[in-house]
Amino acid sequence: MKLKDLAHSRTGDKGDIINISVIAYNEKDYPTLEKLVTVEAVKKFLGETVQGEVIRYEVPNLGAMNFVMQKALRGGVTRSLRLDKHGKSLSSILLEMPLEINN
Amino acid sequence: MKNKIRIGSGAGYSGDRIDPAVELIKKGNLDYIVFECLAERTIALAQLQKMQNSTLGYDPLLEERMKACLPDCVSNNVKLISNMGAANPIAAAKKTVEIAQNLGLSNLKIAAVFGDDVKSMLDFESQTFLESGDSIAVVEEQIISANAYVGVEGILTALKEGADIILTGRVADPALFLAPIIHEFGWTLDDYPLLGKGTALGHLMECAAQVCGGYFADGALKQVPNLGNLGFPIAEINEDGSFFITKLDDAGGMVTQATCKEQLLYEVHDPTTYLTPNVVADFSNISLKELEKDKIEVLGASGQSLTGKLKVSVGYHDGFMADAQISYGGSYAVERGKLAIEIIKERIKINKIEIEDILFDLIGVNSLFKSNGEQTNPAEVRVRVAAKTATKEEATRLVNEVETLYTNGPAAGGGVSKSVTEIIAIQSILLDKNKVIPQVEIFKSNL
């Protein structure tokens, strides 16, 4: 199973910082997401794309988490050499993260 | 005093579509329409334009938007608020007077709200950029603009003066929506829980289509109806701060809990602490309820008192960006792409092209050949060389090296493109809020 099977996502940008939301399609899956989609797992999955610290904020009311990532745009929207200077595509990339679910 | 008001969102960025805004003004039963048109860097570009011509420096689509929207705004009694003033709200207001008069619209009060330009207040001895930690003195010679994200105060003054159209410079995006709510309901500027609710509304609305199905369809699980005719959103808010988001029945797109959740967290860091000039909003206890199809109620937003600081975006010249590309198809396309990259690396060394940073990409699906038959995988790659240089000359030398791959590089390289653009970078500093004084000037259209 991949993260995309349980959650949807959107990237926002501010300078060289991006936030990627991870939102459960079904709120009953939120505890599973909270358990599996950890800061460590996200950092490992995105690899060198994100150079700085990653913080996770939980918003259980919305069945959602918000990952805030420093140094994620190679210098920020205005200076980045990347084709996707805003990191908008990174939400779709994160949703490819495999989830190991043990019943 | 009204007990509920309806606000439409007419633009989510400077270049946004105009027809959905006109539809909202015509059919949305609106009290206000807000156009958010000023991205982080846009104001620096506008400032450069103003330096060349003192009657410019406002949004490039101002004229087209006003011509399309003003007649219906007047006939339906919809007030218009926008940051299309960019670096020159006074020039934008004067231009709008001219447009209104040409359309035969008289007695319109058109306000310019400014005071956000704080370039003269920069303190090169003590201020440091929030992002890099460097002193702003490092880029002193290159600075183009410094604009504070101001709050609702200037817009409130303009509304009290009876303005029909309000054109601002840099304003915190949600404040464009919060100001008319405060004005109509008589909320006080220290009622932070209410200001938090109005800020949540503004935040959900400020990117226009992004809350009603734009930036959402994933091509599989998340389907959005009629994206070619995507509508812009409407918010209806009550005096107690409860509100819902909706859209026109005949517009494409959709307003669902999922579209609202994505937009609620968009460009947010800590959801308990969304910093704005008028309130530190708290979105963490928000709950959403579907009242009916395409009508989502938003409950539970709140807020706390202020930081006393404003964020200031400083725009500065930061060298040049080179971008050059070439494509290879068929068997060994990836190998040839990689070979091309190795050749460029060597050419940079041989010719001593001075580069601060460089990125090599391989892109591609079906730009070279539309085939129904069997193809290699991948069928093609497009080499992209992107670099940052201090001067235009070095950037030009680099993109020209990529072009020489036509005759000097691997077999069958095609479709070279090259561009050199100036980089206008943005970083932020903080400034005491009490140092920034909002100013308002009102003009009138007369026939």
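## Close-up views of a predicted two-chain model

**Figure 1. Strand S16(B) and its partner strands.** Ten bridges connect strand S14 (residues 309-329) of chain B to S16(B), and the two strands run antiparallel. Strands here are DSSP runs (E, at least two residues), as helices are DSSP runs (H or I, at least four residues), both numbered from the N terminus; two strands pair if DSSP finds at least two bridges between them. The model is predicted, so that local features need pLDDT of at least 70 and side-chain atom pairs count only at pLDDT 80 or more, whereas totals for chains, interfaces and linings use all residues. Residues are numbered from 1 along each chain as its sequence is written, chains are lettered from A and ligands numbered from 1 in the order in which they are written, and side-chain values use heavy atoms, with hydrogens and water left out.

**Figure 2. Burial of strand S16(B).** Strand S16 (residues 380-389) of chain B is mostly covered, ten of its ten residues being buried (buried means under 20% relative accessible area, exposed over 50%, partly exposed in between, with a 1.4 Å probe and protein chains only). One face carries Glu380(B), Arg382(B), Arg384(B), Ala386(B) and Lys388(B), the other Val381(B), Val383(B), Val385(B), Ala387(B) and Thr389(B), and all of these residues are buried.

Figure 3. Four of the five residues of strand S7 (residues 234-238) of chain B are buried, and the strand is mostly covered. Strand S1 (residues 4-11) of chain B is joined to S7(B) by five bridges in an antiparallel arrangement, in which Ile7(B) has Ala235(B) as its bridge partner. S7(B) pairs with S8(B) over four bridges, also in the antiparallel sense; the partner of Ala235(B) in S8(B) is Ile245(B). S7(B) and S8(B) form a hairpin with four residues between them, and Gly241(B) in the turn has a positive phi of about 90°.

**Figure 4. A three-stranded open sheet in chain B.** The strands follow the order S9-S10-S13 and their pairing is antiparallel. Strand S9 (274-275) and strand S13 (302-304) of chain B are at the edges with a single partner strand each, so one side of each has no neighbour in the sheet. Strand S10 (residues 280-282) of chain B pairs with S13(B) over three bridges, and Val280(B) stands opposite Gln304(B) in S13(B).

**Figure 5. Salt bridges of chain B.** A salt bridge is a side-chain nitrogen of Lys or Arg within 4 Å of a carboxyl oxygen of Asp or Glu; the count over all chains is 34. Glu153(B) forms one with Lys433(B), their closest N and O atoms being 3.0 Å apart. This pair links distant parts of the chain, 280 residues apart: Glu153(B) belongs to helix H5 (residues 153-160) of chain B, and Lys433(B) to the loop between strand S17 (414-432) and strand S18 (439-444) of chain B. Glu153(B) is partly exposed at a relative accessible area of 23%, whereas Lys433(B) is buried at 19%. In a further salt bridge, the closest N and O atoms of Lys247(B) and Asp294(B) are 4.0 Å apart, and both residues are buried. Asp294(B) also forms a salt bridge with Lys293(B), with closest N and O atoms 3.1 Å apart. Asp294(B) has 10% relative accessibility and counts as buried, while Lys293(B), at 67%, counts as exposed.

**Figure 6. The second largest pocket.** About 370 Å³ of space lies in this pocket. Of the 16 lining residues, the closest to its centre are Thr49(A), Arg82(A), Leu90(A), Leu359(B) and Asp361(B). A pocket is an open set of points on a 1 Å grid over the protein atoms alone, where a 1.4 Å probe fits, with protein on both sides within 12 Å along at least five of seven lines; lining residues have an atom within 4 Å of a point. Grid points are joined across faces, edges and corners, and the volume is the space filled by probe spheres set on the points. S15(B) gives the largest share of the lining, three residues. By class, the lining has seven nonpolar, four polar and five charged residues (Ala, Val, Leu, Ile, Met, Phe, Trp, Tyr, Cys and Pro count as nonpolar, Asp, Glu, Lys and Arg as charged, and the others, Gly among them, as polar).
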